[in-house]
Amino acid sequence: MQRRILKHLTKYNILSTKQYGFRVGFRTNNATYELTIEILNAMNNKLLVGGIFCDLEKAFDCVNHDFPLSKLKFYGISDKAFQLYQSYLGNRYCRTAIYNDSENSNRVSNWARVRHGVPQGSILGPLLFLLYINDLPKIINKTSAPIIFADDTSILFALSNPTGFNKNICIVFITLNKWLRANQLSSNFNKTNYVHFTTKRNMSVNLKIGFDNNFITNSSYTKFLNNTLSWNNHIDLIMKKLSKACYIIRNVKTYMSVSSLQVIYYTFFYSVMSYGLTFWGNLLLSSIIFRIQKKAIRIMEGCGNRVSCRNLFKKLQILPLTSQYMCGSTHIATLQFTATHHST
């Protein structure tokens, strides 16, 4: 089912080029690269540039089944193929079981029909969600630059006139939330924020951006970038997470084999360290992350702090941070070549 619909979507170029999530050949690096390039181009042209970073409230759980089905029809899925996807979403039931200690048994609720949400953990579910929000970029891309990874929506604005800049942001945010409401989705205003990007560290901009008397906060950083395009906040954050990962590895080391420790390393350490590495791996602060990585390797092998990690990396078949950065840089070079090729 997933292959059939993906073939159809690819053949007719249906999926938005602004969507980078759950697509073959696209990664978070693609979205991050597009985001930073848009900001840098605006800065080089001496434009005001800012971004709204949206968090959708329980996006995957709030999808009304009627909406993706109607959009499947709109995008040319019909007849038996449509009935197949209809049966996939429809007639799903769930119930809750609570274990009762005193009775040593489960208390189970009645079955209830599931009318909302795409099945998470499935292969087809994420693709149906992409179709569900596929028309979102089209309603706001005339006066802004949307960049979407699954349900994480970033909207960039660039303009030379301050009055027009502020007005455009407010209009787009209202348009966005009207679309979300029409599609039975909503913004999480507590987690949605506006960041004004600038080359001056001491410059602060406070805009009043809201919808239906719900206003978002002005922030100096996003999840990974701050308003001067520095990754320092992100590195500070992952330092704490990686230290916790080392603690986990140390605690379970006595009970697990080396192969099991490698699984834990890739789950708790590698996944955190590798995020955005191609963008911050050449910074001075990356040496601190490398030291934490060597600490994790030594813990896995039960070695002291003074033991060289060169042979340990080889033994565990784990790439050092610098090698991972170099591998990732080839992907960025490919993105740069593609962007240049398309522009010419």
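# Chat on a predicted chain

Q: Where does L284 lie?
A: L284 lies in the loop between two helices, α10 (277-280) and α11 (286-301), and since the model is a predicted one, that placement should be read as part of a prediction.

Q: Is that residue buried or exposed?
A: L284 is exposed, because its relative accessible area is 78%, where the cut-off for exposed is over 50%.

Q: And how far apart are L284 and N232 in space?
A: From C-alpha to C-alpha, L284 and N232 are 9.8 Å apart in space, while in sequence they are separated by 52 residues.

Q: Let's step back, how many helices and strands does the chain have?
A: The chain has 13 helices and eleven strands, and its C-alpha trace spans about 65 × 60 × 45 Å along the principal axes.

Q: What share of the residues counts as buried, and what about the exposed area?
A: Of the 344 residues in the chain, 44% count as buried, and the chain exposes about 19900 Å², of which carbon and sulfur atoms supply 52%.

Q: Which share of the contacts joins residues at least 24 apart?
A: Taking contacts in the chain between residues at least 6 apart in sequence, 69% of them join residues at least 24 apart.

Q: Where is S154 found, and what does it touch?
A: S154 is found in strand β7, which covers residues 152-159, and, leaving aside residues up to four places away in sequence, S154 touches L35, I52, F53, A145, P146 and I147.

Q: Why does S154 count as buried?
A: S154 counts as buried because its relative accessible area is 15%, and the cut-off for buried is under 20%.

Q: New topic: which residues of α4 are buried?
A: In helix α4 (residues 79-89) the buried residues are F82, Y85, Y88 and L89. Seen down the axis of α4, these buried residues fall within an arc of 115°, so they line one face of the helix.

Q: What do they pack against, and what is on the face turned away?
A: The buried residues of α4 pack against α1 (2-11), α3 (66-74) and α5 (124-132), whereas the face of α4 turned away from its buried side carries the exposed residues D79 and K80.

Q: Which other residues have a positive phi?
A: Among them is F22, which has a positive phi of about 55° although it is not a glycine, and L229, also not a glycine, has a positive phi near 65°.

Q: Where do those two lie?
A: F22 lies in the loop between α1 and α2, and F22 is partly exposed, with a relative accessible area of 45%. L229 has its place in the loop between β11 (217-219) and α8.

Methods
Residues numbered from 1 in each chain as written. Predicted model: local features only at pLDDT ≥ 70, side-chain atom pairs only at ≥ 80, totals over all residues. Heavy atoms only, no water. Helix = DSSP H or I, 4+ residues; strand = E, 2+ residues; numbered from the N terminus. Buried < 20%, exposed > 50% of the residue type's maximum accessible area, 1.4 Å probe, protein only. Contact = heavy atoms within 4.5 Å. Arc of directions from axis to C-beta. Areas by Shrake-Rupley, 256 points an atom, 1.4 Å probe, with all protein chains shown as cover.
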